[in-house]
Amino acid sequence: MKRSFAVAAAILAASVLVAQPAAAQSVQEGEFQEDVDLAKKSQNPVANLISLPFQNNTSFGVGQEDAVTNDFNIQPIYPFTIGKWNVINRFILPVKYQGELVAGVGSEFGLGDLSYTAFFSPAKPSKVTWGIGPSFLFPTATDDRLGSGKWSAGVGAVVLTIQGSWVIGALAQNVWSFAGDEARADVNFFFSQYFINYNFPTFYVSSAPIITANWEAASGQKWTVPFGGGVGKVFRIGKRPVDAQVQAFYNAVKPDDAADWSLRLQFKLLFPK
C-alpha cells in the first residue's frame, strides 16, 4: 500500500511539473537572464549603472604580532552622460581598524584616506570597453597610522570585454603626492585589479585580486600580489536588486609585515535605469 501510494505521488508530482504552463517557465527564464545581464553590468567598472557597494576586507597575519586589520569601504558609483561620453564617478571611503602590529603600540580605529576617480568612457557600446581619467587621494584619515597625510593625484585606466558569459578586464591607477605633511613619506603608489568573471544562470564565479606597489618602499618590499577568488549572486530584496559576493586571497608576494591572506565580503545595492 505504502509503495503504491509513493509511486502514485511520484507520478502526480511529475505530471504537475510537466504540465507547468510554458508562460511561467518563460517568465522564470527571463528573470534569470535579467539577473545575469545585471551581474555583468555590476562587474563592469565603467558601466552606466548607479550602485552603492559596501566592501569589507579582513586581513590576517599582519605585522610582528600577526594582527588582524579590517577595511570597511563605502564605495558609491555615480555615472552620467555628456554627449558621446559616460563619466563614471567612483569614490572609496574606508573605515579602518588596525590591530596591534607592534607590541605595546595598541590598535586604532577610524577613517582612512578618501579616494576618487573619474573615468571617461565612450557611451557607445563596443566589444572592448575602456575608460581613463584622473585619480585623487585626500588625507581624510583620523589618525596617522590610518592614512598617508598627503594630497595625491594621478591617473586611472580600465579596459574590459564581455564575451558571452565572461566579463574579463583590468583596472590600474598610480598616484603621486604633491602636498601635505612634510614630515610624512612621499606617496608614489600603484593600484591594479584584474577581474575574471563567469556568469551562470543563478550565480557567478569571480577572481578579482588587488595588486599594489609602493614605489617608495625598499627593494623587495614594494609589491603585494594576491591570488584567489570566490562566488557571487545577484538577487532582490523586495524590488531592489543587490549583488553579494565573497572572495578569499593568499598573498603570494608581499612585504615582510603585510598580511598572509585576506577575506573580502561585498554587498552592492544596484540602481538600474
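**Entry 1: β13 and its partners**

I started with β13 and strand β14 (residues 240-253), which run antiparallel and are joined by 13 bridges. Strands here are DSSP E runs of at least two residues, helices are H or I runs of at least four, and both are numbered from the N terminus. I count two strands as paired if DSSP finds at least two bridges between them. The model is predicted, so I noted the limits: local features need pLDDT of at least 70, side-chain atom pairs count only at pLDDT 80 or more, and totals for chains, interfaces and linings use all residues. Residues are numbered from 1 along each chain as its sequence is written, and side-chain values use heavy atoms, with hydrogens and water left out.

Gly 230 stands opposite Gln 247 in β14. The two strands form a hairpin with two residues between them. In that turn, Gly 238 has a positive phi of about 70 degrees.

Next I followed β13 to its other partners. β11 runs antiparallel to β13, with three bridges between them. There, Tyr 204 has Gly 232 in β13 as its bridge partner. Strand β12 (residues 210-214) also pairs with β13 in the antiparallel sense, over two bridges. For Thr 212, the bridge partner in β13 is Thr 224.

**Entry 2: β10 and β11**

I moved on to β10. With strand β11 (residues 204-207), β10 makes an antiparallel pair over four bridges. A hairpin of four residues leads from β10 to β11. Ile 196 has Ser 207 in β11 as its bridge partner.

Then I picked out Asn 197. Asn 197 lies in strand β10 (residues 188-199). Is Asn 197 buried or exposed? Asn 197 counts as buried because its relative accessibility is 3%. My cut-offs: buried is under 20% relative accessible area, exposed is over 50%, and partly exposed is in between, with a 1.4 Å probe and protein chains only.

Which side chain makes a polar contact with that of Asn 197? The side chain of Ser 206 does, at 2.7 Å. A polar contact is a pair of N or O atoms within 3.5 Å; within protein, one must be able to donate a hydrogen and the other to accept it, and residues adjacent in sequence count only if both atoms are side-chain atoms.

I listed the contacts of Asn 197, leaving aside its neighbours within four places in sequence. They are Gln 43, Ser 165, Trp 166, Val 167, Tyr 204, Val 205 and Ser 206. Contact means heavy atoms within 4.5 Å.

**Entry 3: aromatic pairs**

I found 13 aromatic pairs in the structure. Phe 136 and Phe 138 are stacked, because their ring centres are 6.2 Å apart and their planes are at 20 degrees. Rings of Phe, Tyr and Trp (its six-membered ring) pair if their centres lie within 6.5 Å; planes under 30 degrees apart count as stacked, over 60 as edge-to-face and the rest as tilted. Phe 136 is partly exposed at 31% relative accessible area. Phe 138 is also partly exposed, at 25%.

Phe 190 and Trp 223 have ring centres 6.0 Å apart and planes at 70 degrees, so I logged the pair as edge-to-face. This pair links distant parts of the chain: Phe 190 is in strand β10 and Trp 223 in strand β13 (residues 223-237), 33 residues apart. Phe 190 counts as buried at 18% relative accessibility. Trp 223 is partly exposed at 34%.

I also traced a cluster. Ring pairs link Phe 91, Tyr 116, Phe 136, Phe 138 and Trp 151.

I checked another hairpin. Strand β3 (residues 77-82) pairs with strand β4 (residues 85-98) over six bridges, in the antiparallel sense. Thr 81 stands opposite Asn 86 in β4. This hairpin has two residues between the strands, and Gly 83 takes a positive phi near 60 degrees.

I then looked up Asn 44. Asn 44 sits in the loop between α2 (22-42) and β1 (50-62). Its relative accessible area is 13%, so Asn 44 is buried. C-alpha to C-alpha, Asn 44 and Ile 168 are 8.8 Å apart, with 124 residues of separation in sequence.

**Entry 4: whole chain**

The protein chain has two helices and 15 strands. Of its 273 residues, 38% are buried. Among contacts with a separation of 6 or more, 55% are between residues 24 or more positions apart.
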